[in-house]
Amino acid sequence: MVKPEPTISSCRGGDFDALLPLLDQEFIFGKGRKLSLQQRFPGVLDRKHPQNILLASVGGGIASALATKAFAWTTPQRGWRAAMIGMVYTRPGLRGQGTASALMRATQTRLAQAGCDFAVLWTSRPDFYTRLGWSGLDCGMLGSVRVASADASAPAMPAPSSAIDWIETLRARHAPERAGRSEATYSSLLPPAQRLELLRGDSACAILGSNDGNAYLFDILGDEAELPALWSRLATRYPALYLNLQRGSPAERFLSGRTEIEWQAQRLAMWLPLSATARAAPFADWYIPFLDRI
């Protein structure tokens with residue numbers, strides 16, 4: 001029996017209402033997490049403007065889906081047009097039938113036709129994407145540390161959305177390679193974090209997600225001279241802290257000598273050149289902070 005070819009289309013309002021519970025069950029509630037993806041990524045999952053979500057349908061029903069997020073990537077040499085791909089989903093009963101592959105190929109074609117230079121995603125299943133032309137190149141480092149004497153009485157910190165202009169000024173000064181952000185970016189909340197927090201110094205800051213005593217560093221930037229003071233506050237605030245850093249960055253160089261932190265190389269980022277110019281892009285050296293990801 002010949003399998004029917006999936007129909008590829010952009011998401012519409014009615015599709016969105018049917019899709020969101022499927023995504024939440026797959027990525028959030030089915031894993032014992034809280035907060036819907038729509039709350040976590042308001043700039044990506046917008047019912048009024050769902051065209052960045054693409055669907056593969058079989059027999060009139062949703063078989064696979066994914067979300068894209070267009071962004072500008074700035075480097076000292078030039079600017080790039082780019083897109084992230086995330087929330088790649090296939091109904092359990094339809095997995096292994098090629099619908100996700102067909103959807104990814106169609107998405108890659110659409111992004112290239114729209115003028116994107118490259119696409120990026122993060123996955124723990126690299127083999128699937130390698131077959132579709134993606135390359136695994138990740139300069140991220142994950143550090144983890146547990147603190148027996150964390151200050152449980154520390155007052156809650158403000159959300160980063162309270163200081164967007166100040167943070168953007170720091171980024172322009174200290175992040176020569178950076179993804180463009182919107183106001184919604186400063187509300188993005190990767191699982192399993194349930195709250196975004198801003199630890200602010202005079203000219204440096206850390207943006208974190210927290211959840212039941214655990215904290216996840218989403219971004220850190222600013223004056224290198226302030227890193228020791230920033231770290232002393234971080235290291236005593238949370239019982240468990242997970243540090244997501246770019247290998248060779250000022251923060252990673254400073255913290256790599258701390259014997260209490262266990263480190264491992266990340267293997268999540270995958271890149272796909274879409275324009276002729278991007279085929280020579282230094283993807284192995286580029287790092288997109290967790291705050292910017294989907």
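This is a predicted model: local features need pLDDT of at least 70, side-chain atom pairs count only at pLDDT 80 or more; totals for chains, interfaces and linings use all residues.
Reader: What makes β3 and β4 a pair?

Author: The same test applies: at least two bridges. β3 and β4 share 10 bridges and run antiparallel, so they pass. Ala70 has Ala83 in β4 as its bridge partner. A hairpin of four residues joins the two strands.

Reader: How do you know that β3 and β8 pair as well?

Author: Two bridges join them, and they run antiparallel. The rule asks for at least two, so β3 and β8 qualify.

Reader: What makes a group of residues the largest nonpolar core, and which have the most contacts inside it?

Author: Members must be buried, of nonpolar kinds, and joined through side-chain atoms within 4.5 Å. The largest such set has 55 residues. Phe71, Phe118 and Phe218 have the most contacts inside it. Leaving aside neighbours within four places in sequence, Phe71 is in contact with residues including Trp80, Met84, Phe118, Val120 and Ile288. Another core lies apart, with 21 residues, among them Val145, Ala204, Leu227 and Leu245.

Reader: Why would such residues gather?

Author: In soluble globular proteins, nonpolar side chains tend to be buried together.

Reader: What makes a residue part of the lining of the largest pocket?

Author: A lining residue has an atom within 4 Å of a point of the pocket. For the largest pocket, 42 residues line the space, and Phe27, Met87, Trp122, Thr123 and Ser124 lie nearest its centre. The pocket holds about 1,200 Å³. β4 gives the most to this lining, with six residues. By class, the lining has 23 nonpolar, 12 polar and seven charged residues.

Reader: How many residues line the second largest pocket, and which are closest to its centre?

Author: Its volume is about 520 Å³. It has 25 lining residues, and His174, Ala175, Ile220, Gln246 and Ser249 are closest to the centre. β11 gives the most to this lining, with five residues.

Notes
Residues are numbered from 1 along each chain as its sequence is written. Side-chain values use heavy atoms; hydrogens and water are left out. On a 1 Å grid over the protein atoms alone, a cavity is a set of points where a 1.4 Å probe fits but cannot get out, and a pocket is an open set with protein on both sides within 12 Å along at least five of seven lines; lining residues have an atom within 4 Å of a point. Grid points are joined across faces, edges and corners, and a volume is the space filled by probe spheres set on the points. Ala, Val, Leu, Ile, Met, Phe, Trp, Tyr, Cys and Pro count as nonpolar, Asp, Glu, Lys and Arg as charged, and the others, Gly among them, as polar. Buried means under 20% relative accessible area, exposed over 50%, partly exposed in between (1.4 Å probe, protein chains only). Contact means heavy atoms within 4.5 Å.
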